[in-house]
Amino acid sequence: MTRDNSGDTALMVSAVEHAIAHVEHGGLPFVGVVADSSGRSSCFGTNEVRETGDPTAHAEIVAMRDVLAQRGAGSLQGVRLFATGEPCGLCFRFAVDHGVAAVYVAVDRDRVAHYGFDYRASYRHFGITDDLRARLLHPLSVPQDSEPFTHYLTINNEGTSS
Ligand SMILES: [Zn+2]
């Protein structure tokens, strides 16, 4: 089975669609999903920090932990992580430490910051250098990729200005 770019794009489109739906249900605009050589291999992870009280339950880590649980092993060697918004330093660190081969990102951290989620200071904290980031990061923009964020802003700016 060959892996072509259209499969990657389709997976990112699905992730963005999940993020839009999640925002409509009151969630955050971040979705993470893992793919191996045969395609999607995790849930569409969403941020579960509030629900679980676990401060590390970011969308991307939820997806990566799903694969770790299935494999019953501590490695994500060779898998690829897809994220609707660029993972923060904590999630990058988790990916690097578990051997994730590549991180595909629809909306990068500068655009995400523009939408009000500025975690750019977190990379240095977790030892994610520009060099390390550049080695893993693959921009993968899809047509609707801004919508989870713009939708989030629209919903959450209503009635909260008092
Ligand atoms: Zn994160």
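**Entry 1: Ser-42**

I began with Ser-42, which lies in the loop between strand 2 (39–40) and strand 3 (45–46); helices (H or I, at least four residues) and strands (E, at least two) are DSSP runs, numbered from the N terminus. The model is a predicted one, in which local features need pLDDT of at least 70 and side-chain atom pairs pLDDT 80 or more, whereas totals for chains, interfaces and linings use all residues. Residues are numbered from 1 along each chain as its sequence is written, and side-chain values use heavy atoms, with hydrogens and water left out.

I found Ser-42 buried, at a relative accessible area of 4% (buried is under 20%, exposed over 50%, partly exposed in between, with a 1.4 Å probe and protein chains only). I then listed what Ser-42 touches: Val-33, Val-34, Ala-63, Asp-66, Val-67 and Gln-70, not counting residues up to four places away in sequence (contact means heavy atoms within 4.5 Å). The side chain of Ser-42 also reaches the backbone nitrogen of Val-34 at 2.9 Å.

**Entry 2: the zinc ion**

Which protein atoms are the donors of the zinc ion? I noted His-58 (ND1), Cys-88 (SG) and Cys-91 (SG), lying 2.1 to 2.3 Å from the ion (donors are N, O and S atoms within 2.8 Å of the metal, or 3.2 Å for Na, K and Ca; water is not among the atoms, so sites may look incomplete). Their spacing along the chain is H-x29-C-x2-C. His-58 sits in the loop between helix 2 (49–52) and helix 3 (59–71) and Cys-91 in helix 4 (residues 89–97), so this pair ties together parts that are 33 residues apart in sequence. Cys-91 is buried, with a relative accessible area of 0%.

**Entry 3: aromatic rings**

I recorded 8 aromatic pairs (rings of Phe, Tyr and Trp, the last by its six-membered ring, pair if their centres lie within 6.5 Å; planes under 30 degrees apart count as stacked, over 60 as edge-to-face and the rest as tilted). One of the pairs, Phe-30 with Phe-117, is edge-to-face, at 5.2 Å centre to centre and 85° between the planes. Phe-30 is in the loop between helix 1 and strand 1 (31–36) and Phe-117 in the loop between helix 5 and helix 6 (122–125), so the pair ties together parts that are 87 residues apart in sequence. Phe-30 counts as buried at 12% relative accessibility, as does Phe-117 at 16%. One aromatic cluster is formed by Phe-30, Tyr-115, Phe-117, Tyr-119, Phe-149 and Tyr-152.

**Entry 4: helix 8**

In helix 8 (residues 147–156), I noted Pro-148, Phe-149 and Tyr-152 as buried. What covers the buried residues of helix 8 includes helix 1 (5–24), strand 4 (80–85), strand 5 (102–107) and helix 5 (109–114).

Notes. A polar contact is a pair of N or O atoms within 3.5 Å; within protein, one must be able to donate a hydrogen and the other to accept it, and residues adjacent in sequence count only if both atoms are side-chain atoms.
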